[in-house]
Amino acid sequence: MTKGTLLWVDDEIELLKAYIIYLEKKEYEVLTATNGQDAIDICREQPVDLILLDENMPGLSGLETLSQIKEINAAIPVVMVTKSEEENLMNQAIGSKIADYLIKPVNPPQILLTLKKHLHKRTIAEEVTNTSYQQNFQKLSMQINDSYTVDDWKEVYRRLVFWELELADAGSSMTDMLRMQKEEANNLFAKFIMRNYLDWLSDDAQRPVLSPDIFKKKVFPLLDEGEQVYLVVFDNLRYDQWRVLSQLLADDFSIDEDLYLSILPTATQYARNAIFAGLMPQQIASMYPDLWVDEDEEEGKNLNEAPLIQTQLDRWRRHEKFSYTKLNHSADTERLVGQLRQQGRTPLNVIVINFIDMLSHARTESTMVRELASDEKAYRSITASWFENSPVRELFQQLAATNARVIITTDHGSIRVSTPTKVVGDKNTNTNLRYKLGKNLSYSARDVYELKKPQLAQLPVPNLSTTYIFAHGDAFFAYPNNYNYYVSYYRNTFQHGGISMEEMLIPIATLTPKRGK
């Protein structure tokens, strides 16, 4: 079996016999042509993996030959071989989508490197990535077992996401090993949260940055420096999705990235309201009852975000004017892009973007979307494609042309669930698959984090006997009634509300425009 079939097109092909023999000894099949028309005919008649194309030939030129070959098969990588480095010629070749170019005289190692680059890049990348991950596997396992602080867990999660992206890009066969390592990490992370969560809430000075701290720790310091600030909250943005988006923003912004902890439940009603109010949910419910909506009420749970921001500014005796915009559809974003210059120097501008959360729910409810976002890699890909092709990209391009500072964050992440755990509740029990609250819950205590005194976690208590329970790992709650259908429907969907690195360790990044006016 050969390593690939090459077509070498050169009017002086007889002078290249030694090179051809060299490549054949390296197990490549080499076809030859002395003119453009013969090369075109060969491409019509048989499959070719790569073409080495001389630029200067009698008859059809290299560029003319290239154009016709691309009409036959646009996917064939074509490497232009030329004596000229003239800029206009190179621009034409690159514009015609050559894969690469070589300057004569070429040598055999140079050609071999080109073949590896364009024919075997994925295989080589997979081998190198697999070897590197295997070498780091034990170190990462030790790091997981030796994590005792939030900073330790942040670093573990960063490393796991790094390898997740690396292995996915390389098409690696090691993804199952990483998945098992990630499951082990999530099990230990859940134990870490259960040991420490209530202690953090009883000691504001010692706790890590949580949802209610975002304005105090991240937004207000920039306002104090006289900066204009845009706080952009992507609903339900995971760290791995952020890593993909950050690559798309890197040309326009300098990025200072960190992770922080979402409060429990890792759900929009609790975590995002906590961000905007600067308070834990129980405090919001008691101090501003008109702005808090209980679980059993039909009213939308996030209709009071702008008033909650105002309450936080008022409590801190801050007098900055602010704008608040929620983007649910492309038309909303296009309208904001059109109005952006009119906002002038409004000190604080809060933008909520709901697409990723909508994608998560659509993946659960739509068979087509579930097929498109079949796993984490596909989920990231759809997120990146949406961002690149939506008006949100234009929004950030406009922000990059200002002197404003942009803070990107989220309220919580999500996890792909696969393990059902049974729960029974009355008709008032909420519908979320990763957390439940109610007064008559029946469940396996070993499978959940239970809070029989929710007030210790600063959560609202609709009834004196209300208990909150949280799923951890990749578990999700399923009712015994119609159990098999329920499990089949929700298994492998992305859910949030419980305890996992994906849901709780979430990105916050401060962006500084590189080309601000």
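Leaving aside neighbours within four places in sequence, Phe-494 is in contact (heavy atoms within 4.5 Å) with Arg-238, Ser-360, Arg-363, Thr-364, Ala-373, Asp-375, Glu-376, Tyr-379, Ser-414, Ile-415 and Arg-416. This is a predicted model: local features need pLDDT of at least 70, side-chain atom pairs count only at pLDDT 80 or more, and totals for chains, interfaces and linings use all residues. Residues are numbered from 1 along each chain as its sequence is written, and side-chain values use heavy atoms, with hydrogens and water left out.

**Phe-494**

- Phe-494 sits in strand S18 (residues 494-495); strands (E, at least two residues) and helices (H or I, at least four) are DSSP runs, numbered from the N terminus.
- Phe-494 is buried, at a relative accessible area of 1%; buried means under 20% (1.4 Å probe, protein chains only).
- Val-417 lies 77 residues from Phe-494 along the chain, yet their C-alpha atoms are separated by 6.3 Å.

**Helices H7 and H8**

- H7 (residues 150-169) and H8 (residues 175-201) pack at about 160 degrees, with axes 11 Å apart; axes are lines fitted to C-alpha atoms over the stretch in contact, and angles run from 0 to 180 degrees between N-to-C directions.
- H7 and H8 are therefore roughly antiparallel, a class for angles over 145 degrees.
- Their crossing is left-handed: the near helix is turned anticlockwise from the far one by less than a right angle.
- H7 contributes Val-150, Trp-153, Tyr-157, Leu-160, Trp-163, Glu-164 and Leu-167 to the contact, and H8 residues in it include Leu-178, Ala-185, Phe-189 and Trp-200.
- By class, this contact has 12 nonpolar, 2 polar and 2 charged residues; Ala, Val, Leu, Ile, Met, Phe, Trp, Tyr, Cys and Pro count as nonpolar, Asp, Glu, Lys and Arg as charged, and the others as polar.

**Helices H9 and H13**

- The axes of H9 (residues 214-224) and H13 (residues 305-315) come within 12 Å and cross at roughly 80 degrees.
- H9 and H13 are therefore roughly perpendicular, the class for 65 to 115 degrees.
- Phe-215, Lys-216 and Phe-220 of H9 meet Ile-309, Gln-312 and Leu-313 of H13.

**Nonpolar cores**

- The largest nonpolar core holds 104 residues; Phe-189, Ile-193, Tyr-197, Phe-215, Phe-234, Phe-276 and Phe-396 touch the most other members.
- Such a core is a set of buried Ala, Val, Leu, Ile, Met, Phe, Trp, Tyr and Cys residues joined through side-chain atoms within 4.5 Å.
- Another core, of 19 residues, lies apart from it and includes Ile-42, Leu-53, Met-57 and Ile-98.
- Not counting residues up to four places away in sequence, Phe-276 touches residues including Phe-215, Glu-305, Ile-309 and Gln-312.

Note on methods:
Parallel < 35°, antiparallel > 145°, perpendicular 65-115°, else oblique. Buried < 20%, exposed > 50% of the residue type's maximum accessible area, 1.4 Å probe, protein only.
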